[in-house]
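I opened the model and kept notes on what I looked up. The entries follow.

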Amino acid sequence: MNLKQFAQQTQLLTSSEIEKVKFLAFYHLRTLGKRDFAMSDVATWFDGLDLARPNLSRLAHSIRQSREFVKGKES
């Protein structure tokens, strides 16, 4: 399954910004085994789906505040 198919099946495009990150992180974990990601990765993921680029500092703050994300090796 490619990224565009995954986005359609999960209704990623209609999700909130933080939900999009959660779905995309899951996709990259399952397809590439990528366990950690940086905000630059998130920007690349959004670009790959032709989504508007998020405000990375605001999104990083939201991710740090969320209990659904775990701080990895890289900060």
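For me, buried means under 20% relative accessible area, exposed over 50%, and partly exposed in between (1.4 Å probe, protein chains only). Helices are DSSP runs (H or I, at least four residues), numbered from the N terminus.

Ground rules, before going on. This is a predicted model, where local features need pLDDT of at least 70 and side-chain atom pairs count only at pLDDT 80 or more, while totals for chains, interfaces and linings use all residues. Residues are numbered from 1 along each chain as its sequence is written, and side-chain values use heavy atoms, with hydrogens and water left out.

I then turned to the inner side. Leu59, Ala60 and Ile63 are the buried residues of α4. Down the helix axis they fall within an arc of 100°, so they line one face of α4. That arc is taken over directions from the helix axis to the C-beta atoms. I asked what covers the buried residues of α4. The cover includes α2 and α3 (39–48).

**α2 against α4**

I checked how these two helices cross. The axes of α2 (residues 17–32) and α4 (residues 56–65) come within 10 Å and cross at roughly 75°. That makes α2 roughly perpendicular to α4, a label for angles of 65 to 115 degrees. Axes are lines fitted to C-alpha atoms, for helices over the stretch in contact, and angles run from 0 to 180 degrees between N-to-C directions.

Next, the residues that touch. Glu17, Ile18 and Val21 of α2 meet Arg58, Leu59, Ser62 and Ile63 of α4. Contact here means heavy atoms within 4.5 Å. I sorted the residues of this contact into four nonpolar, one polar and two charged.

**The core**

I looked up the largest nonpolar core and found 16 residues. Such a core is a set of buried Ala, Val, Leu, Ile, Met, Phe, Trp, Tyr and Cys residues joined through side-chain atoms within 4.5 Å. Among those with the most contacts inside it are Leu3, Val21, Leu24 and Phe46. The largest share, four residues, comes from α2.

Beyond its neighbours within four places in sequence, Phe46 contacts Glu17, Lys20, Val21, Leu24, Leu51, Ala52 and Pro54.

**Positive phi**

Gln11, in the loop between α1 and α2, has a positive phi of about 55° although it is not a glycine. Asp50, in the loop between α3 and α4, has a positive phi of about 60° and is not a glycine either.

How values were computed. Parallel < 35°, antiparallel > 145°, perpendicular 65-115°, else oblique. Nonpolar A, V, L, I, M, F, W, Y, C, P; charged D, E, K, R; others polar.
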